[in-house]
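Try each task before you read its solution.

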Amino acid sequence: MSKEFKLPELGENIESADVISVLVKSGDKIEKEQGIIEIETDKATVEVPSSIEGTVSEVLVKQGDKVKVGQVLIKVDENGKEEEQKKETEKIEEKPEEKKEKAKAEKKDEKKKPSQEKPKPKGEKSIVEMKLPELGENIESASVIAVLVKEGDNIEKDQGVIEIETDKATVEVPSNVRGKVLEVLVKEGAKAKVGDTLIKVETSEEVEEPKPEVKPKEERKKEEPTKKEEKKKVEEKEGTKEERKKIQLPGKDDQPPITKGAAPAAPSVRRLARELGANINDIPGTGPAGRISLDDVKAYVKNINESVGAAGRGIKKEELLDFSKFGKIERKEMTGIRQKTAQHLSYAWMTIPHVTQYDKADITELEKVRKEMNQKAKDNKDKLTMTAILAKVSASALKVFPQFNSSVDMDKNEIIYKKYSHIGIAVDTENGLIVPVIRNADIKNMTELAKDINNLAEKARSRKISLDDLQGACFTITNLGGIGGTAFSPIVNSPEVAILGVSRGSYEPVYNGEEFEPRLMLPLSLSYDHRVIDGADAARFLRWVCEAIENPMKLLVEG
Amino acid sequence: MPKQVTVIGAGPGGYAAAFLAADLGMNVTLIDKEKNPGGVCLYRGCIPSKALLHVAKLITEAGEAKEWGIEFAKPKINLDRLREWKNEVVAKQTGGLGQLLKAKKINFIQGTAAFLNSSTLKIKKTDGKTEEHKFENAIIAAGSKIATILSLDIKSKRLLNSTSALDLPEIPKRLLVIGGGYIGLELGSVYASLGTKVSVVEMLSGLLPGADRDLVSHLAKRIEKSYEKVMLDSKVTEMKEVKNGIEVIIKDKEGKSITDTYDYVLMSIGRKPRTDGLGLENTKVKVNERGWIKVNKQMQTDDPNIFAIGDIVGEPMLAHKASHEGRTAVEVINGEKVAFEPMAIPAVVFTDPEIAWAGLTETQAKEKNIIYETAKFPWAASGRASTLGRSDGVTKLIVDPETERLLGIGICGPGAGELIAEGVLALEMGANLTDLKLTIHPHPTLSETIMESAEVFFGQSSHLHRPKRKY
């Protein structure tokens with residue numbers, strides 16, 4: 001039985017993602033949990049693991065595609081080889097659906113290739129990729145309206161492979177090779193770029209370069225019935241057409257794009273929209289027949305700005321300077337993670353009234369114990385880290401101070417208290433800031449936490465993390481101690497309400513009542529959402545954390 | 001620090017770009033091989049041909065005045081003076097542009113330029129010197145050149161092209177025009193009015209390919225009368241120079257070969273990009289398979305600091321398209337967030353009658369399966385057209401029946417080229433037919449035909465009884 005593997009839910013509010021790479025191909029044997037595609041969402045780059053096993057019979061996505069949740073990514077033959085299945089279906093009673101498919105395929109073959117029975121030309125077979133040829137002036141991509149071939153089809157040269165729609169016309173793209181279709185890499189509704197591979201074909205022929213020009217559909221249709229017999233004639237006709245095209249005068253396909261769908265807006269209005277970064281086609285017009293006025297554009301843009309948050313109101317956008325006036329510059333596109341980070345943190349910064357509480361924990365004794373224990377550890381992975389200790393302490397603190405394990409719903413004027421303790425750990429990767437989440441940190445011991453953190457950080461850095469691992473945190477820890485610094489003010493990772501920043505510990509003279517004594521002090525910074533947490537609570541929370549570090553008995557007694 | 005831009009080619013696209021750049025305070029260099037800006041349009045195209053077409057119209061109208069009781073003697077044509085006058089018109093226009101160069105403090109270099117790399121040009125000056133020129137931004141506005149059919153390109157003074165035909169070597173007795181497009185028909189009309197028997201041979205089944213047939217039909221009727229012969233679905237297969245003429249073999253509609261001798265032959269089959277010698281291979285600029293430079297909506301080539309505009313980026317090869325593209329490129333260089341995205345670029349054929357259109361044509365609507373309706377007002381119902389003795393015209397609106405929005409406009413008749421501008425504005429503003437109907441047009445003018453067409457759409461035209469069809 002053939003099964004479809006669809007793009008699973010990726011998380012809250014994530015409906016689609018960009019395919020960065022496809023990790024399997026038709027014919028591959030795959031196992032459960034094996035990565036199928038690598039995708040980039042707003043939040044992270046992740047591999048999507050398979051939930052089924054078997055042999056891949058069809059790959060329906062390709063690099064660069066946007067895929068939606070629920071979209072079929074691959075088809076997998078669970079029984080194993082496709083060949084076997086075919087035989088089986090031939091022998092045993094055919095299911096109506098398959099029958100239909102087969103009949104269709106046969107019919108198609110009959111129609112398109114009357115000489116099917118002829119033996120194939122001998123010679124070495126090779127697999128060629130047929131790519132989308134140049135489509136014409138300024139056309140770089142086209143929408144695929146229909147895929148006219150499928151895997152297993154025998155196709156002729158010049159047979160239509162896909163039907164595409166460009167700005168200018170609907171055309172069939174003819175094959176430049178004769179052979180058997182091994183793999184179809186495009187699908188209906190997708191966009192194909194010039195140079196994208198459309199199909200893989202097994203052939204024993206040499207391949208011509210893709211034709212630079214595709215013939216309009218209607219002409220092709222007319223040609224089809226007489227294709228075989230009148231091949232010569234067709235060639236002749238094409239020759240004339242070519243000649244005609246060459247000498248054609250301006251005025252044929254040269255008009256700009258006023259068609260039915262064009263947004264009804266004056267040039268000044270269209271220009272304003274472009275300046276403000278709005279797509280004129282998205283703006284509802286209030287005029288007759290939806291005509292868009294200058295005011296419509298302004299209202300639309302204002303509305304968008306406001307929807308970012310109440311705090312954004314009244315803030316006028318400041319235009320960027322032309323920095324090239326002052327010296328050389330270079331512009332680079334933000335990565336998806338950078339964009340999301342920028343958007344998310346701006347939102348958090350604007351909506352959350354931030355306060356940061358600073359304190360220091362005496363870790364002299366703790367460090368002694370930690371180092372002793374780590375000397376006994378066999379594996380690096382088992383080593384106890386300060387972050388793991390802080391995760392444990394924080395999870396316990398959340399129990400003692402439940403308002404720190406909450407989110408605020410301003411629309412309903414409610415505070416949501418969470419009965420679980422998942423701790424986010426900020427990880428610095430070369431792709432940007434990623435925050436993997438340790439589940440149920442309160443019920444794990446510190447060694448388990450250290451292992452979890454280690455694993456997740458490793459996954460994050462190698463882009464292998466799953467979206468599940470990035471969601472659901474109650475509280476975040478960001479440890480910059482490895483780099484240095486004495487204190488900083490982290491931004492609360494909304495919708496959480498607090499975040500603990502860790503700086504580098506150092507020896508300080510501490511007065512013990514009689515004299516100054518060198519103690520190893522760890523600076524901690526707690527930023528919190530003042531909407532739900534008051535200053536005194538924050539001071540108490542952080543003090544509790546410090547005391548628990550200094551006296552771990554507290555964890556057993558209170559935590 | 002002001003921005004720097006170098007513009008290659010001073011045609012209507014190039015000089016419009018250079019002038020705007022100067023107005024925006026940029027440091028501008030403009031390179032062209034002529035003494036003054038103007039390009040093909042002013043030196044060898046729009047302007048000289050329109051000067052001659054004006055004369056042609058005068059001669060034709062003087063002849064037609066007989067109908068109205070005014071009879072002139074057969075005109076005496078002083079060809080040398082006519083040529084001189086045409087040259088004066090060109091000199092006045094290009095000289096004026098030369099003055100503007102100085103006023104705008106543009107560094108004008110007379111010569112030709114080729115790219116050495118993505119930031120350097122090699123300029124061969126007309127005075128023989130060569131210099132290397134560094135640029136921050138470049139705009140390629142090198143235009144197009146005349147296309148020929150190689151097999152027919154015989155070396156003969158009697159084989160004219162659109163440039164040499166404007167020089168009026170003499171008034172031939174018989175002239176054959178190869179190509180029934182706008183260049184051939186405009187120049188053919190000039191010679192016809194001067195007394196030449198003009199024939200035209202067109203490969204396709206109608207004159208002016210691309211224009212709607214109902215617009216072309218009025219012109220075709222008139223041309224059939226004033227020309228010696230119109231040969232459609234025909235092509236010239238051979239040409240050779242003979243004594244006092246060119247012998248031509250034409251394969252006609254039926255496939256028969258006809259041999260005839262003409263004093264002159266004008267080959268006007270189109271234009272192609274002038275990319276050779278520009279050194280584009282030394283840059284990242286890409287051209288498509290037909291040789292046009294590839295650009296995005298910002299008129300930017302694949303080499304980010306090099307822009308291209310006008311004929312060299314493809315059809316429509318029209319001066320007004322080029323100048324708007326040029327201005328867009330300059331605005332982009334100036335850091336503005338703009339794009340070249342007009343709703344419509346008007347096309348005008350300056351024959352008699354003129355044909356003009358903008359936006360969607362009926363032909364395109366059919367090709368693209370766009371649902372549309374037309375509203376037509378024949379000029380026979382126009383008072384103003386009657387006073388001119390010219391009822392051979394039509395105004396046509398192409399309308400989205402759902403929103404009643406104007407999608408396209410086509411006009412045939414004297415002055416159509418002037419009238420079309422109102423249609424372009426309506427298209428750009430997203431006007432609907434009620435807007436056109438309610439806009440008061442002056443009486444008696446030909447412009448009323450646009451308003452009346454809109455009235456026809458609603459079955460309410462004052463001067464044309466055509467009640468709205470009931471569905």
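A nonpolar core is a set of buried Ala, Val, Leu, Ile, Met, Phe, Trp, Tyr and Cys residues joined through C-beta atoms within 7 Å. Keep in mind that this is a predicted model.

**Exercise 1.** Find which residues touch the most other members of the largest nonpolar core.

*Solution.* Start with the core itself, which has 137 residues; B:Ala17, B:Ile139 and B:Ile140 touch the most other members. Next, look at helix 1 (residues 12-23) of chain B, which gives the most to this core, with 8 residues. Then take B:Ala17 and set aside its neighbours within four places in sequence: its contacts include B:Val7, B:Ile139, B:Ile309 and B:Val330. Finally, turn to a second, separate core of 69 residues, which includes A:Val59 and A:Leu470.

**Exercise 2.** Work out which strands stand at the edges of the open sheet in chain B.

*Solution.* First write down the strand order, 8-15-9-10-11, with parallel pairing. Strand 8 (159-160) and strand 11 (229-231) of chain B each have a single partner strand, so one side of each is left without a neighbour in the sheet.

**Exercise 3.** Explain why helix 13 of chain B is described as largely enclosed.

*Solution.* Count the buried residues: 10 of the 10 in helix 13 (residues 448-457) of chain B are buried, so this helix is largely enclosed by the rest of the structure. Then identify what they pack against, including strand 20 (373-378) and helix 11 (416-428) of chain B. Last, step past the helix to B:Gly459, whose phi is positive, near 70°.

How values were computed
Residues numbered from 1 in each chain as written. Chains lettered and ligands numbered in written order. Predicted model: local features only at pLDDT ≥ 70, side-chain atom pairs only at ≥ 80, totals over all residues. Buried ≥ 20, exposed ≤ 12 C-beta atoms within 10 Å, placed from the backbone. Helix = DSSP H or I, 4+ residues; strand = E, 2+ residues; numbered from the N terminus. Contact = placed C-beta atoms within 7 Å. Pairing = 2+ DSSP bridges.
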